[in-house]
Amino acid sequence: MYKKTFFLIATCFLVFAANAQNTSTQLDEIIIEKNKISTLSKSQKLIVLNDSLINHSVGTFTDFLQKNTTIYFKENGYGMVSSPAFRGTTAQQTSVLWNGVKINSALLGQSDFNATAFKNFDNIVIKPGGGSVLYGSGAVGGTIHLNNELHFTQKLKNELQFNYGSFNTKGLHYKATTGTTNWAFNVHFGFNKSANDFEWIGKNRKNLNGAYYNTNFGFETAYKINKKNTFTFYSSTYNDDRHFALVTPFQTKTKYQNNNYRNLLKWNFKNENFLNIFSAASIYESYLFYDKLPSESNSGGKASTFLIKNESYYNATNSLKFSSKLEYQQTKGNGKNSNLPYANQHIFATSLLGSYQISNCFGFETGLKTEFTNAYSNPFLYSGGIYFNSKNYQLKINTSKNYRIPTFNDLYWQPGGNLNLKPETSFQIDINQNFNYKAITFNASTYYISLKDMIRWIPTASGFWEANNTDAVTIKGAEFYFNIQKKWLHNYLQFSGNYAHNQSTNKKTNTQLTYTPKNKFSTQVLYGYKNFSVSPSFMFVGKIYTTTSNSQESALASYGIVDIDFQQKIPTKKLSLYINLKLKNVTNTTYTTMPEQQMPGRNFNIQIVTKF
Amino acid sequence: MKKILFSVLAGAFFFSCSNTNDDLPVNTDEKYLDGIFVSNEGNFTKGNATSSFINGNLSTITNDIFKLSNGRSLGDVSQHMVVTDKYVFIIMNNSNTIEVVNKKTFKLVYTITQNVSSPRFATVKNNKLYVTSLFNAEVNVYNTDTFAFIKTINLNHTAEQIVATDNYIYAANGFYSGGTTLEVINPETDTNTTDVNINQAINNIATNGQNVFVLSANDTTSSISIVSNNSVLTTKVLNQPIARNLVSYTNYLYYTAGTGVYKINNDLTTESSKLFNVADGDEYSIFYGFNVINGSIFTADAKGFADNSKIVIYKENGTIINEFNAGIGTNGFYKF
């Protein structure tokens, strides 16, 4: 225990830590999500990853979040299916929202972070901790918000970027935004392609069957009818084709195709003390899994969700605010050549929230939510929090009950789907403290999560697997963030760091959850001189266990990865041009996040970003 | 932790024993001279299959012996093993390989890849290895000395388990999926001419060298049929649903149902008797591996494939001889 405490302290104070995490002050730019995120969650921490950070990154969404947050991702090989363990929870316990609408797969319950075109978004907000009252199922470990911004009265802005890297990796992304007094438009598209055939260091072979290709297209538009009424429409299309990298050279080759189509219409009505947002969304997902290439043999599934939601925000007084939410969601899904029969799920949810600001620096908030469905027993949820703000110190304390519902596969797959499943539920408490003094920021979150009824597929006596509510888990964890900046003459220097410690303990076996590292740490130095910058970074991921008993022989070793990013800005009269060179895994470290699935060694990427 | 330490130390002790015994060959690589090979299938697509070895007096286990001898991992899904005089053929389902290792050293001799398509089970007859395929309705035949591919025998259905008797080779059409056909292969011509129909879905087959015993089951009853040459001799209906494993040993058949281990005369003229219930360990996936070797009953609880399997070896009266932790998904025990 002493050792652990010392390690924590040492990590926080001795190691100047990580990464270009631009915390936060830009919330006002998030037009549509502003209300829910900033007004109603004053007692929870937010991390905003802004557009310049998004623009200048290359690689997958997993790479981006792995490097810039404390969230740990396990990847089935580079570019393959990627799932998070946010605050030591499971993949289904992280909710991903697209402009406020949940987009976790209805079939699998999780988002695949290597099948998300993150460059389409103007900002990505990470909200650690429980948020089920606001965001529904899956908001247990935390929520990740993918947001598009719309701006009125804006001249045409274009951004075009190319990247090329090792393993014949190519990417293109284009985005245009413009607006008039009453209209605002964004359009964007992109593609990414890679042979992904890197050398398996020391194994005398290449990564086989790892190629991937994806395209995305999206647009957003807003029309301001008058001062009170605004309509916004969001549309997004994503298609990919990913081969699954082989573990052994003659392994059966497989691939996966994903198609996602999302449309969302919002109507905002506001007057002085009242805001109403009505949303209607259609979310379609489908996948096909080719189980023995090169044959056409495949199976798959699809789900379409129709959602209507009405959110009202009412300021009773300057310090007393209420909001309510009514939501109806219908999801239909079925398999193709697979054992998922047609199923139709209806969920109706209602929630009520209130906040009271006692003084300029102190207030509290609370929320209640209940849900009715034909598919599982409805949970009753709550949240409550207090906050304190002063110039150099901020405190946020939040407690909540959260859940994640059984997925379509959990409920309906034949055989093995179980209609008697309960949702996984969690109770949690979260204390967040922020210290800032001049150019120094230090943030510490400590949390406790108690989870029960975890859903797990287990073999039955008759030979098939069945979904069951089995495990209970206790998570004790902490996250730390440190940042210091200095500017002088033409120089800019920044140190930053992230550290997360999670003890996710299965209550029955008293062992750490599999694929959940106890320690993850990242640190970054950024030095800039005029238009040039160099940024070395280091990420450490602790040992993970692959067996529930935490047997040492099946544990995957901890690893540390060093990247170096260089950037040269070439400003011209008509456009800004950036050339980014990224050297990844410069020490050529061999590592895996899944057994026997090796990750890339030293590799590079060149990126050209133009704005005009 | 203690257990792991124990087995590591025990393993080390065992090596030193066999190396200092004057009766044994001087080849220090020959670590496996008498005992039981264990197949641990691993998690599908994770490539964490392993092989284990339990020594002859059932006192120690050595895990991951393929890596110990060859310095690399075994591969993806170790489905089955065939042990011959010289070699162990390890049928690697999703790796699409058959790893041939020297029986005494477990050193890799050859990797068969030609015409290997999601192999499931294998048997040896007349110096030929017969291998079933998950995807293709065929049995592929290899020479057990040169490992050369000989031919493909076409079947009417895909087959899983395969056994050889004195006269024929029998390949059973799919388990747990409604397969009801036993395909009969003539080893002289290596052709499939006759099929034997079983009236319920086949769960398992076993042989005593003369006859084939077929365990079939549905949700309410289980049956054992005796197949001789090309026809069903007799069928006995058991009073248990979903019996799963079937082993022929001496003049008896052993099978499992629920948590019980049962025994019945192999002429099926008597009723079966329950030997014992396994101690209630993990409630799921018990009897994933099951065999009766030299009178000892080997069981493996696959622990839901989320943890290392637990092997428990019993005497017929239910007394526990020994317990070990093996690899992920222990699915088979094979006599040296």
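View 1. The model is predicted, so local features require pLDDT of at least 70 and side-chain atom pairs pLDDT 80 or more, whereas totals for chains, interfaces and linings use all residues. Residues are numbered from 1 along each chain as its sequence is written, chains are lettered from A and ligands numbered from 1 in the order in which they are written, and side-chain values use heavy atoms, without hydrogens and water. A cavity is a set of points, on a 1 Å grid over the protein atoms alone, where a 1.4 Å probe fits but cannot get out, and its lining residues have an atom within 4 Å of a point. The lining of the largest cavity comprises 39 residues, of which A:K102, A:S137, A:Q329, A:I347 and A:I405 are the closest to its centre.

**View 2. Elements and composition of the cavity lining.** Elements of chain A that each supply at least two lining residues of the largest cavity include β5 (101-102), α5 (132-135), β16 (274-290) and β22 (393-404). Helices (H or I, at least four residues) and strands (E, at least two) are DSSP runs numbered from the N terminus. With five residues, β17(A) gives the most to this lining. By class, the lining holds 16 nonpolar, 14 polar and nine charged residues; Ala, Val, Leu, Ile, Met, Phe, Trp, Tyr, Cys and Pro count as nonpolar, Asp, Glu, Lys and Arg as charged, and the others, Gly among them, as polar.

**View 3. A nonpolar surface patch.** A:F162, A:Y164, A:I570, A:I579, A:L581, A:F604, A:I606 and A:I608 make a nonpolar surface patch of about 620 Å². Patch residues have over 30% relative accessible area and no salt bridge; nonpolar side chains (Val, Leu, Ile, Met, Phe, Trp, Tyr) are joined within 5 Å, and like charges within 9 Å. Areas come from the Shrake-Rupley method with a 1.4 Å probe, and for residues only the protein chains shown count as cover. Two or more residues each come from β8 (157-165), β30 (576-584) and β33 (603-611) of chain A, with β33(A) contributing the largest share, three residues. A:L581 belongs to strand β30 of chain A.

**View 4. Salt bridges in chain A.** A:E479 and A:R87 form a salt bridge through their side chains (3.2 Å, N to O). A:E479 lies in strand β25 (residues 465-488) and A:R87 in the loop between β3 (82-85) and β4 (94-98), 392 residues apart. Both A:E479 and A:R87 are buried, that is, under 20% relative accessible area, where exposed means over 50% and partly exposed in between (1.4 Å probe, protein chains only). A salt bridge places a side-chain nitrogen of Lys or Arg within 4 Å of a carboxyl oxygen of Asp or Glu. A network of salt bridges links A:K45, A:R87, A:D430 and A:E479. In another pair, the closest N and O atoms of A:K175 and A:D122 are 2.8 Å apart.

**View 5. A salt bridge in chain B.** B:E99 and B:R72 form a salt bridge, with their closest N and O atoms 3.1 Å apart. B:E99 is in strand β6 (residues 97-102) and B:R72 in the loop between α2 (65-70) and β4 (78-83), 27 residues apart. B:E99 is buried at 3% relative accessibility, whereas B:R72 is partly exposed at 33%.

Notes:
1 Å grid on protein atoms, 1.4 Å probe; cavity = no way out; pocket = protein on both sides within 12 Å on 5 of 7 lines; lining within 4 Å.
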